[in-house]
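Below are some short notes on a few residues, meant to be read alongside the coordinates. Please check each point against the structure as you go.

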Amino acid sequence: MDWIHALILGLVQGLTEYLPVSSSGHLAILSTFFGMEGADSLQFTVAVHVATVLSTLVILWKEIDWILKGLFRFQMNEETKYALNILVSMIPVAVVGFFFKDKVEEAFGSGLLIVGVMLIVTAVLLIFSYMAKPRQKEHISLWDAFVIGVAQACAVLPGLSRSGSTIATGLMLGDKKEKLAQFSFLMVIPPILGEALLDILKAAKGEDVVSEAIGVFPLCVGFLAAFLSGCFACKLMINVVKKGKLIYFGYYCAIVGVALLVYQLTR
């Protein structure tokens, strides 16, 4: 991988991790049409995932600091309840990640056909969540956190946006827009770190699927690109959710999804 490919892939990863358009789907599209096979490198995956986490920590540090300070008071306060919600949301994705991820990916494949279908599913979720007007609730409950976690676990399918699924699900449950985007981005930190750790273990065992090692400079370029674009996308997405503008991303996912289906079915 050269630094140009690393730059493009890092930018796409950072942007699409937060924008509800599916990072896995867009990386699959880039890999297919532009031959950017570096997207499959465990080294590169770890680098951009860590960069994504760091961008979340930077943008949402105020909220993270609030949670940590509350936890260290060792009492059942609002901060502890918030942390419990994040913990509960991790249960479905942990189950899928440890026991079913490989089986799901094998069953559905990773070609552009499934990406197109799942992008259309993402579009339906985003558009429906925009049209639905459930009664607004003051706080995200434990049950809501679990259901949102189930939506996150389903996003193991390529093309199904994690942020789109979780935010749309929360909106349909009646959770407030002002709090939902922040919760969606905070709840993904542990799974991303866990996935990065598993990738590191794979790399240590020599399971990197790219035969040629990626140089330090392309890795640094990809890391920096993912971090900066992630900071931008995280902040942008919080404002987009507050203003209720997710439907435009729904239109985008629908157009790209249909285009991919037409491309695959007419080949």
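Which residues does Thr56 touch, not counting residues up to four places away in sequence? The model is predicted, and the points below start with that residue.

1. Thr56 touches Tyr18, Trp61, Ile64, Phe185 and Ile189, with residues up to four places away in sequence left out of the list. Thr56 itself belongs to helix H3, residues 42–59.

2. Thr56 has 1% relative accessibility. Buried means under 20%, so Thr56 counts as buried.

3. Two polar contacts involve the side chain of Thr56. One joins it to the side chain of Tyr18 at 2.3 Å. The other runs from the Thr56 side chain to the backbone oxygen of Thr52, at 3.1 Å. Tyr18 is also among the residues that Thr56 touches.

4. Next, backbone angles. Most residues other than glycine have a negative phi. Ser22 is not a glycine, yet its phi is positive, at about 75°. Ser22 sits in the loop between helix H1 (3–18) and helix H2 (23–34). Ser22 counts as buried because its relative accessibility is 2%.

5. Phe74 also has a positive phi, near 55°, and is a residue other than glycine. Its place is the loop between helix H4 (61–71) and helix H5 (78–108). Is Phe74 buried or exposed? Phe74 counts as exposed, because its relative accessibility is 70%.

Key
Residues are numbered from 1 along each chain as its sequence is written. This is a predicted model: local features need pLDDT of at least 70, side-chain atom pairs count only at pLDDT 80 or more; totals for chains, interfaces and linings use all residues. Side-chain values use heavy atoms; hydrogens and water are left out. Helices (H or I, at least four residues) and strands (E, at least two) are DSSP runs, numbered from the N terminus. Buried means under 20% relative accessible area, exposed over 50%, partly exposed in between (1.4 Å probe, protein chains only). A polar contact is a pair of N or O atoms within 3.5 Å; within protein, one must be able to donate a hydrogen and the other to accept it, and residues adjacent in sequence count only if both atoms are side-chain atoms. Contact means heavy atoms within 4.5 Å.
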